[in-house]
Each structure stands twice: as C-alpha cells, then as structure tokens.
Amino acid sequence: MSFVCLLIPHLPLQAALRTHPEADSAQRPVALMHLQRGRRTVHSTNAIARRDGVRKGMELSTARGLCDDLLWVDACDEQTQHTLDALADALGQFSPVVSLLPPDAIVVNLAGIRPETVALNALTEAALTLGIQAHVAMGHTPFAARALATVHPQSPLHSPSQEQQALATLPLSSIQLPPDVLDALTVVGIHTIDAFLALPSAAVARRFGAVAHRRWREAKGIQAVALPPYRPQGPVAETRTVDEPIDRLDVLGFHLKALVDRAIQRIQGRGRGIRELTVLLIPARNDPAGIYQTVLDLGRPQTNASL
C-alpha cells in the first residue's frame with residue numbers, strides 16, 4: 001500500500017493570502033498578524049519579510065518600520081480550515097480515500113491505484129489552481145509520506161529500503177514532536193529520526209511523554225497513523241477580497257472566472273457537478289445597501305469551466 005501527502009507550508013499565512021489576488025507574496029514582504037488584547041503581533045512571515053528583519057512576536061508598528069511595503073493580513077482559523085477542506089475536496093479526483101492530517105497536511109490513500117500513474121506534478125497543479133503551494137511526497141506509510149513532505153517539495157515513491165534510509169537522516173522537526181520535547185531531545189544530542197528510534201521504547205515513554213512515544217511507535221511501524229476519512233460538509237464556497245475598486249466588466253469577469261475554476265476543481269473532486277451558482281458581491285465597508293446577489297440555475301449538474 002502507498003500514500004501521498006500534501007503538506008502546506010505556513011498554512012495560516014497561505015490561507016489568508018489565497019483570498020487576496022493582488023498579494024504577490026513572492027515579490028513583497030508579507031506578515032500574518034495575530035490580534036490579542038487589541039494589539040497586532042507577527043504570527044508568521046514569508047522569506048522576504050524575514051530577510052528584512054521581521055520576526056515572530058514583533059508588533060505591527062515595528063514590522064512596518066522595517067518594511068515600508070509590508071503586506072499584513074490577520075490570521076483566521078476559519079480560513080485555515082477552509083483551505084484544508086478546499087484541497088481535500090480537489091484531491092478526491094485522485095483517490096476516493098482522502099484524510100486530513102492536522103494541522104497542515106492531507107493524506108491520499110492510493111490503495112488499488114498504481115502509484116506510478118499518479119503524477120506528483122498533477123497533484124502540485126491541483127493545489128496551485130486553488131491558490132495553494134504544497135509539498136508533495138509519496139510513502140509506504142502515512143508517517144513516511146508526511147515526514148518526507150516536511151523536508152522535500154516533491155518526493156516520489158521509493159523502495160521500502162530506500163525509504164527507510166531517507167527517513168533515517170531526517171531531522172526530528174519532521175515528525176510533529178511538541179516543541180518542549182524537541183528541545184529536550186536536542187539537549188541530549190538526539191537530532192535525527194534514526195537516533196530517536198535507537199532509544200528504548202520504555203525510556204521514550206517515561207522521559208518524553210505519550211506524544212513522543214506515539215511518534216516513536218509510528219516511525220517503527222508498530223502503530224498506524226490515525227486517518228479518519230474526509231467527509232465534505234455543506235456547499236462549496238470560494239471568496240476573494242479585492243483591494244482596488246472594480247469598475248470594468250472584464251476585470252470583474254477575470255475574478256469571477258478564477259473563483260469558478262476553484263469551485264469546479266473542488267466539485268469534481270467530490271464527484272459531483274454544479275447545478276446552482278450564487279454570485280455575491282459585497283462592497284467596501286460592508287454596506288448592506290450595496291450588496292448584489294444573483295443565483296444562476298444551470299438546469300443540470302455541470303463541471304464545465306466555460307459555464
């Protein structure tokens with residue numbers, strides 16, 4: 001049996017940015033902000049912001065002082081979950097068995113599917129269509145696939161022996177250990193999965209706790225990673241926030257098409273079609289008088305991008 005894992009680096013940041021089409025995070029510094037007690041502090045950043053000195057925990061005013069063109073967005077747990085659900089929907093095109101692997105990954109069970117017929121590039125493109133950049137890795141176990149995806153942007157399926165060799169040298173940060181456990185293991189000179197697995201089972205449980213012991217058992221292949229199947233909830237919805245006013249129909253059409261393409265990708269993954277399409281336009285400042293809504297009855301379920 002084999003599995004493929006799609007891991008979304010900096011998921012909360014990507015989730016916030018995918019609704020902002022004008023946010024080119026590859027060209028300008030971006031920071032995700034956490035609002036607490038009326039103060040905004042940096043939760044995470046992209047590489048450009050880090051290069052300019054913006055760090056986690058920094059106040060917004062300080063971060064903006066370092067980066068004049070800093071784009072900042074507020075963190076939203078609902079957006080983060082919506083992004084995971086959107087990708088899980090789309091991955092249903094590749095296998096009927098898809099599972100969320102919190103906090104930032106999805107696993108596709110390839111049981112009954114020849115792994116060589118699943119192109120990693122196709123999985124990457126499916127994520128990109130939804131505005132998501134994901135690492136994609138195959139493995140003989142969900143544990144192996146996720147650990148490899150943590151380190152490698154793309155990793156094809158290896159033989160079992162090659163997979164074990166690749167896993168052995170991975171850093172412990174690839175296996176979801178609590179930060180305090182990771183620090184404690186580092187202090188005693190344990191830095192890789194291979195060194196971690198050399199520890200006695202009882203010692204891991206006694207000294208480092210239940211979570212570390214479960215990861216040890218998963219890495220040994222003694223305990224399987226729990227993978228409840230993903231079940232779509234409710235209708236598909238996609239949104240965009242546009243910073244500049246739209247006063248041309250062709251620009252509006254461009255944004256609507258992008259949203260419809262995302263919705264179709266998800267609907268196809270669910271094995272269904274779109275029968276009714278609701279378009280909702282909300283003006284700046286959320287003025288109820290300016291809200292426009294129209295419902296398109298397509299007559300029969302469709303998955304055609306030209307609709």
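How exposed is Asp261, buried or partly exposed? Asp261 is partly exposed, because its relative accessible area is 25%, and the cut-offs are under 20% for buried, over 50% for exposed and in between for partly exposed (1.4 Å probe, protein chains only).

Before we look around, a word on the model: it is predicted, so local features need pLDDT of at least 70, side-chain atom pairs count only at pLDDT 80 or more, and totals for chains, interfaces and linings use all residues. Residues are numbered from 1 along each chain as its sequence is written, and side-chain values use heavy atoms, with hydrogens and water left out.

## The whole chain

The protein chain has twelve helices and ten strands. Both kinds of element are DSSP runs numbered from the N terminus: helices are H or I with at least four residues, and strands are E with at least two. Along its principal axes, the C-alpha trace spans about 65 × 50 × 30 Å. Of the 307 residues in the chain, 40% are buried.

## Salt bridges

Side chains of opposite charge can pair when their charged atoms come close. A salt bridge here is a side-chain nitrogen of Lys or Arg within 4 Å of a carboxyl oxygen of Asp or Glu. The structure holds twelve of these salt bridges. The table shows some of them.

| Salt bridge | Closest N and O atoms |
|---|---|
| Glu59 with Arg39 | 2.2 Å |
| Arg248 with Asp250 | 2.5 Å |
| Lys257 with Asp261 | 2.8 Å |

Take the pair of Glu59 and Arg39, which forms a salt bridge. This pair links distant parts of the chain: Glu59 is in the loop between H2 and helix H3 (60-66), while Arg39 is in strand E3, 20 residues apart. Glu59 counts as partly exposed at 32% relative accessibility, and Arg39 counts as partly exposed at 47%.

Now back to Asp261. Lys257 and Asp261 both lie in helix H12 (residues 249-269), four residues apart, which is about one turn of the helix. Lys257 is partly exposed, with a relative accessible area of 47%. Elsewhere, salt bridges that share partners join Arg18, Asp89, Glu238, Arg262, Arg266 and Arg270 into one network.

## A strand that is covered on both faces

Strands of a sheet pair through backbone hydrogen bonds, either parallel or antiparallel. In this model, two strands count as paired if DSSP finds at least two bridges between them.

Why is strand E1 (residues 3-7) largely enclosed by the rest of the structure? Five of its five residues are buried, so E1 is largely enclosed. In a regular strand the side chains alternate between the two faces of the sheet. In E1, both faces are covered: Phe3, Cys5 and Leu7 are buried on one side, and Val4 and Leu6 are buried on the other.

E1 also has strand partners. Five bridges join E1 to strand E6 (residues 105-109), and the two run antiparallel. Within this pairing, Leu7 stands opposite Ala105. E1 also pairs in the antiparallel sense with strand E7 (residues 135-139), over five bridges. There, the bridge partner of Val4 is Met138.

Three strands form an open sheet in the order E3-E2-E4, with mixed pairing. E3 and strand E4 (71-74) are the edge strands, each pairing on one side only. From one strand to the next, the twist averages 40°; axes for such angles are lines fitted to C-alpha atoms, for helices over the stretch in contact, and angles run from 0 to 180 degrees between N-to-C directions.

Strand E2 (residues 30-36) and E4 run parallel and are joined by four bridges. Val30 has Leu71 as its bridge partner in E4. The backbone nitrogen of Val30 also lies 3.0 Å from a polar atom of the side chain of Asn46. Asn46 sits in the loop between strand E3 (39-45) and helix H2 (47-51). Asn46 is buried, with a relative accessible area of 10%.

Methods:
Polar contact = N/O pair within 3.5 Å; in protein donor to acceptor, adjacent residues only side chain to side chain.
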